[in-house]
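Open the model in your viewer and get ready to select residues. We will go stop by stop.

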Amino acid sequence: MVATDKQQASPLWTTTTSEVRLTGTWREAKPDYHVAPSPCHGACPVQGDIASWIQQVSRSEYYGAWLTLMENNPFPAIAGRICHHPCETACNRQQLDETVGICSLERFVGDMALTQSWALPAIKQDDDCSVAIVGGGPAGLSCAYQLRRRGFKVALYEARDQLGGLMRYGIPSYRLDRAILDAEIERIIDLGIDLHLEVELQDQAALKRLHKEYDAVYLATGASQSKNLPMLDYQQPWVLDSAAFLAAMSHGQNMLLGERILVIGGGSAAIDTARSARRLGKAVTILALEPEHLLPAQTIEVTEALEEGVEFVCGAMMQSTQVKDKGVQLHCVKVDFSAGAERGEFAIDVLTGSEFNLVADTVIPAIGQQVDMDRWAGLLAADQGLAQTDQGWQTSCRGIFAGGDMASMDRFVTHAVGMGKQAAQAISHYLRPHTEVAQVKTEKPVGFEAINSYYYPISKRQKQKQTELETRLDGFSEVQQALSDHGAMIEAGRCFSCGTCTYCDNCFYHCPDMAITKLATSEIDGSPNRAQSGPSRGIGYSIKSDYCKGCGLCVAECPTGSIIMREDTGCSTKQESCS
Amino acid sequence: MELIDYQDDGHFFSGHVACAGCVEALALRVILNTVGSDAMAVVAPSCSAVICGGYPASALKIPVFHTTLESAAASASGVKRGLVAQGKTETTVVALAGDGGTYDIGLQALSSAAERNEDILYICFDNEGYMNTGGQKSSSTPKSAVTGSTPAGKETSKKNMVEILAAHRIPYIATTSPGDLNDMAAKVEKAKAIRGTKVIIVLIPCLAGWGVVDDGAVKTARLAVDSGVFPLLEVFGGHDYVLNKTTKNQPINDYLKQQKRYRHMSVEQIASLQAEVDEQWQRIQKRVEVSSGFEA
C-alpha cells in the first residue's frame with residue numbers, strides 16, 4: 001500500500017498527494033518562454049537566423065542548417081569566405097572568451113551543400129507577375145533568388161559576359177575560389193531565371209522600356225566609376241585603375257608595368273590589389289590615409305597582406321608626383337587622421353615637416369567607387385551621388401527599385417545580399433500586397449547578462465588553417481582553409497544560442513516544484529529548429545500554472561536567455577505553452 | 001554543454017509547501033528520484049518534514065515515517081532492521097534531516113548508528129541553522145554569519161561534520177550541492193549500492209535564512225563550491241578522500257556578497273574567514289594526497 005493509492009488508503013496513512021495544494025497561487029511573476037533576437041542576428045546584414053542554424057550544425061543536421069541559411073542568403077559558401085562578419089563583432093561569447101567563428105561555420109555548411117549537391121525545395125507555385133533585375137552582382141542575384149523562390153518570373157540583365165559583379169571582378173580567387181562562386185550562382189540560375197548576358201542599359205530610355213515590359217524593375221548596377229585623386233594625372237601610362245586591374249586579373253590578364261607597385265587606399269580593394277600584385281612577384285607598398293588600426297579593410301586582410309610582404313605606409317598622403325629616370329617619385333606627407341561619425345567621413349591635418357618620398361613604377365589608386373547616376377537623369381532622383389530610395393528600396397519612379405552599391409554606402413558583399421533580400425520582400429509586397437508581410441523584429445537582442453555562463457566552460461575558438469606562407473605567393477589558390485568536421489562541431493558547440501532555446505531541459509530539471517512539463521514532439525508545430533532532439537529530451541515546454549511559484553530559477557539556469565519572468569496578476573490556471 | 005541526466009520518474013510531487021525557489025525541494029527531487037521506488041523515508045522535524053508532509057497529503061511517492069528531532073538515524077535503523085526481518089533486504093531506507101537534527105540534536109543517534117554501521121542512507125540538508133523555526137544558529141552556522149540568535153555574527157566556527165563522521169570509519173561520506181545536480185544524483189546512486197552507513201551532506205543556501213534572492217540559491221551553492229567554502233568531496237571508509245572539484249578558483253567575496261547574513265562583515269572578518277577556508281582546503285588536499293585512491 002502506498003500513499004498515493006487513494007481508494008484503498010486506510011485512515012492511518014496520508015490519503016492524498018501534495019498535488020491537491022495549488023501552490024501556484026503564491027506566484028507574483030511567471031516564466032515565459034520566448035524567442036528573442038541574438039546580437040549576431042541584429043548585426044547580420046542579411047538578418048540571418050544564426051543561432052538556429054548553428055544549433056542545427058551542433059546536432060549534425062547539416063541539410064537543415066543549410067536550408068535555414070538559404071532563407072536569407074543564397075551564398076553561404078561565398079559569405080563564409082568573404083563576409084566582414086559584423087555578427088562576430090556582436091557575439092556575446094567574446095565577454096567570456098572569444099567570439100564564435102560564425103563565418104567559418106557558414107563556410108563549412110556552404111561547402112558541404114556544394115560537395116553534396118544539395119537541392120533547394122521546388123518552387124511551390126508560379127506567379128504571372130514578372131520582374132526585371134538589372135545587374136548580376138550580389139544584390140541583383142540575391143533579389144532574383146528571393147523573387148524566384150516566391151514564384152515570380154525573373155529576368156536578369158547583366159552587362160558583362162559573366163555573373164557575379166564585384167564577387168567576380170573585384171575579389172581575387174585567393175579569397176574566393178571561382179568554382180565556389182560559379183556553383184552558388186548556378187544554383188540560383190537553375191531556379192529558372194531568364195538570363196540576358198552582355199546587355200547593358202545605356203540610358204534612361206532603355207530603363208523606361210524595361211519598366212513598361214515588366215511589372216517591376218530592380219536596379220543593382222553597382223558603383224562602377226572609380227573616384228579620382230585630384231593630384232594624380234590619370235592619363236599617365238603608369239597610373240592604373242584598381243577596378244580595371246582586378247577585373248583583368250580575374251581573366252588572368254596582367255596589366256602591371258615595372259617591379260615596384262604603389263597602391264593608394266586602405267580598403268579591401270586596395271588590399272586585394274596589393275596582394276594580387278604580390279602574387280605576380282612585384283614589390284608592393286600601400287599608402288593609406290588612415291593609421292593601421294583604423295584601416296577600413298578587415299584586420300585579417302591586413303594581417304595576411306603583411307605576412308605576404310606587402311609594405312604599409314599608413315597615416316600619410318601623396319601630394320604630388322614627379323617622373324624621374326628610374327620610376328615615378330611620389331612626394332608624400334604624414335597626416336593626422338580623425339574618423340567622422342559616418343562610415344567614409346574623416347578629417348585630416350597635414351603634419352608639416354613630415355614630408356617624405358616614395359618611388360614606384362606603377363601607381364594604382366584604390367580609394368573607392370562612385371555611382372554613375374547621370375545615366376538615369378530625368379527618370380531617377382539622386383541623393384548624394386546615390387540612387388534615392390524610400391525605406392522599401394523604391395526609387396523616385398514607382399515600380400523601379402534599387403539597391404546594392406548604387407543605393408547605399410554600405411559597400412560589403414553581404415550588405416548587398418541583404419539589400420537584395422529586402423528589395424525582394426518590398427517588390428513582392430508591391431506586386432502582391434496581401435501575401436508578403438514584412439517581418440519586423442523590434443525586441444532588444446539578448447545581452448550577455450541573460451546567459452548563464454556557468455554552462456559554458458572556457459573554450460578557445462577553432463581557427464581555420466591557412467595555406468602555408470611559402471606556397472601562397474605562388475598562385476591564386478585560397479589562403480583560408482575550411483574547418484574540419486570535428487572543428488566545426490566544437491565551434492558550433494561554443495554558441496550560446498542567445499534567445500533561441502536548445503531544449504537542454506535545464507529549466508525542467510531545476511524547477512523545485514515540478515511545474516514544467518516537457519511537451520511531446522506531436523504537440524509542437526514543425527518549426528525548423530525543433531526538428532530533433534535526444535530521446536528523453538523535451539521538445540518544447542509548458543508551465544503548470546497550478547504549481548509554478550514564480551521563483552525564477554528556470555530563468556536563472558537557462559543557458560540561452562530564452563525564458564523571461566513576466567508579472568502575473570491574473571488568476572488563470574490554464575496551461576500556457578512555449579510558443 | 002553538459003546535460004542533466006538523471007531520470008525524473010515522478011517520485012516527488014508538486015504542491016509541497018517549500019518556499020518559492022527553495023533548493024532543498026530541488027535536492028529532494030533529485031534524491032528521491034534517484035533512490036527510486038523500493039525505498040522508505042524517515043524524516044526528522046526540519047524543513048524537509050514540512051515539505052514532505054502536511055497530513056493528510058504527502059509529497060513523496062514512497063512511504064514516509066515522521067520521527068522526532070533527535071532520532072532520525074535511530075528510527076531509520078529500526079525501520080531498516082524491521083524490513084530485513086521481513087526479508088526486504090534490498091529496500092533503501094533514507095533518513096532526511098536538517099543540520100539541527102544532524103550536527104546538534106541528532107548527533108548522538110547518528111554517531112551510534114554509524115558506530116554500528118547500520119545500513120541506512122542518511123541525508124543532511126545543511127542550511128547552516130534552524131531555518132524552519134525562524135533562523136537560529138546551529139553548530140553548523142559558519143563564523144560571522146548573522147542568525148536570529150547571533151545578531152552580531154557567530155563567534156565560533158562551523159562544526160566539521162565530515163571529519164566527525166570520518167572518525168566513525170563508515171563506508172561512504174559525501175558532500176554535494178544543488179549547484180551540480182548530476183554530481184548529486186551520482187553520489188546518491190553510488191551510496192545506494194553500498195551496504196552500511198552512508199551520509200551525504202547537501203549544502204542548502206536558504207533564501208530566507210541566508211538572505212539570498214529567490215532565484216539565487218543554485219548560483220550561491222556554486223559559488224560556495226568554487227570558492228572552497230563547501231568543497232565537493234567523498235570519503236571512503238573514513239580514510240580515503242576524493243575531491244570532486246579540484247580547483248578553488250575564487251576568493252570568498254563573491255559568495256559572501258550573495259547573502260545578507262554576511263553583509264555586516266569587516267575586511268578583517270572576511271580575511272579571517274578566507275584564512276579558515278584556505279586552511280580547510282589545504283587540510284583536505286593533504287588527506288587526498290595520502291589517500292590510497294581505491295575509489296575515484
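This is a predicted model: local features need pLDDT of at least 70, side-chain atom pairs count only at pLDDT 80 or more; totals for chains, interfaces and linings use all residues.

**Stop 1: the contact between the chains**

Now select the residues where they touch. Chain B gives 39 residues to the contact, and chain A gives 36 residues. Together the two chains bury about 3,300 Å². Carbon and sulfur atoms account for 58% of that area.

**Stop 2: the salt bridge**

How many salt bridges are there between chain B and chain A? The count is one. To see the pair, select B:Arg222 and A:Glu557. Their closest N and O atoms are 2.8 Å apart.

**Stop 3: the side of chain B that touches chain A**

Hide chain A for a moment. Select α1 (23-35), β2 (57-58) and α9 (217-226) of chain B. Each of these elements supplies at least two residues of the side that touches chain A. Which element gives the most to this side? It is α1(B), with four residues. Now colour this side of chain B by residue class. You will find 22 nonpolar, eight polar and nine charged residues.

**Stop 4: strands that pair across the chains**

Bring chain A back. Select strand β1 (residues 16-17) of chain A together with β2(B). These two strands pair in the parallel sense, over two bridges. Look for A:Thr17, which stands opposite B:Ser58 in β2(B).

**Stop 5: A:Lys549**

Is A:Lys549 buried or exposed? Its relative accessibility is 5%, so A:Lys549 counts as buried; the cut-off for buried is under 20%. Show what surrounds this lysine. Leaving aside neighbours within four places in sequence, the contacts of A:Lys549 in chain A are A:Thr23, A:Trp26, A:Arg27 and A:Asp513. From chain B, A:Lys549 is in contact with B:His16, B:Val17, B:Ala18, B:Cys19 and B:Ala20. Zoom in on B:Ala18. Its backbone oxygen lies 2.6 Å from a polar atom of the A:Lys549 side chain.

**Stop 6: a hairpin in chain A**

Select strand β11 (residues 316-324) and strand β12 (residues 327-339) of chain A. They pair in the antiparallel sense over eight bridges. β11(A) and β12(A) form a hairpin, with two residues between them. Finish on A:Lys324, whose bridge partner in β12(A) is A:Gly327.

Terms used
Residues are numbered from 1 along each chain as its sequence is written. Chains are lettered from A and ligands numbered from 1 in the order in which they are written. Side-chain values use heavy atoms; hydrogens and water are left out. Contact means heavy atoms within 4.5 Å. Buried area is the accessible area (1.4 Å probe) that two parts lose on being put together, summed over both. A salt bridge is a side-chain nitrogen of Lys or Arg within 4 Å of a carboxyl oxygen of Asp or Glu. Ala, Val, Leu, Ile, Met, Phe, Trp, Tyr, Cys and Pro count as nonpolar, Asp, Glu, Lys and Arg as charged, and the others, Gly among them, as polar. Two strands pair if DSSP finds at least two bridges between them. Buried means under 20% relative accessible area, exposed over 50%, partly exposed in between (1.4 Å probe, protein chains only). A polar contact is a pair of N or O atoms within 3.5 Å; within protein, one must be able to donate a hydrogen and the other to accept it, and residues adjacent in sequence count only if both atoms are side-chain atoms.
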